[in-house]
Amino acid sequence: RIKSFNSEKGFGFIECAQTYQKYNRDVFLHKAQIGDMSVGAMVSFTCEVSRQGMPQAKDVSPLFGVPPPPPAGKGGKGKGKDGKGKKG
């Protein structure tokens, strides 16, 4: 899960129990990896170790695919299925 992301600084962190157990810290997330995902998104990723020995996310993608768009509203002021208003 994307735990945090600061767009001004260009990085954030991914919360992952497995990597936390190994490295005792959250996984670094660079702006080049976040794409159009946002904080709270469940993600899958590969983990590489930086030169400083810190876990860094690569190949980040949404875990459940792209969320579906919100449903279109029904009702309202439409003219019906034939595109014409009711007569009489």
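Helices (H or I, at least four residues) and strands (E, at least two) are DSSP runs, numbered from the N terminus. By that rule the protein has two helices and five strands. Their order from the N terminus on is β-β-α-β-α-β-β.

The model is predicted: local features need pLDDT of at least 70, side-chain atom pairs count only at pLDDT 80 or more, and totals for chains, interfaces and linings use all residues. Residues are numbered from 1 along each chain as its sequence is written, and side-chain values use heavy atoms, with hydrogens and water left out.

**Surface and contacts**

A residue is called buried under 20% relative accessible area, exposed over 50%, and partly exposed in between (1.4 Å probe, protein chains only). Of the 88 residues in the protein, 20% are buried.

Two residues are in contact when heavy atoms lie within 4.5 Å. Among contacts with a separation of 6 or more, 43% join residues 24 or more positions apart.

**The cysteines**

How many disulfides does the structure hold? The structure holds zero, where a disulfide is a pair of cysteine sulfur atoms within 2.5 Å. For Cys 16, the nearest cysteine sulfur is that of Cys 47, 7.9 Å away.

The table lists relative accessible areas.

| Residue | Relative accessible area | Class |
|---|---|---|
| Cys 16 | 18% | buried |
| Cys 47 | 30% | partly exposed |
| Lys 58 | 25% | partly exposed |

**Gln 33 and Lys 58**

Gln 33 is part of helix H2 (residues 31–34). Leaving aside neighbours within four places in sequence, Gln 33 is in contact with Ala 57, Lys 58, Asp 59 and Val 60. A polar atom of the Gln 33 side chain lies 3.0 Å from the backbone nitrogen of Asp 59.

Lys 58 belongs to strand S5 (residues 55–62). Which residues does Lys 58 touch, not counting those up to four places away in sequence? They are Gln 33, Phe 45, Thr 46 and Glu 48. Thr 46 is twelve residues from Lys 58 in sequence, and the two are 5.1 Å apart in space, C-alpha to C-alpha.

Conventions. Polar contact = N/O pair within 3.5 Å; in protein donor to acceptor, adjacent residues only side chain to side chain.
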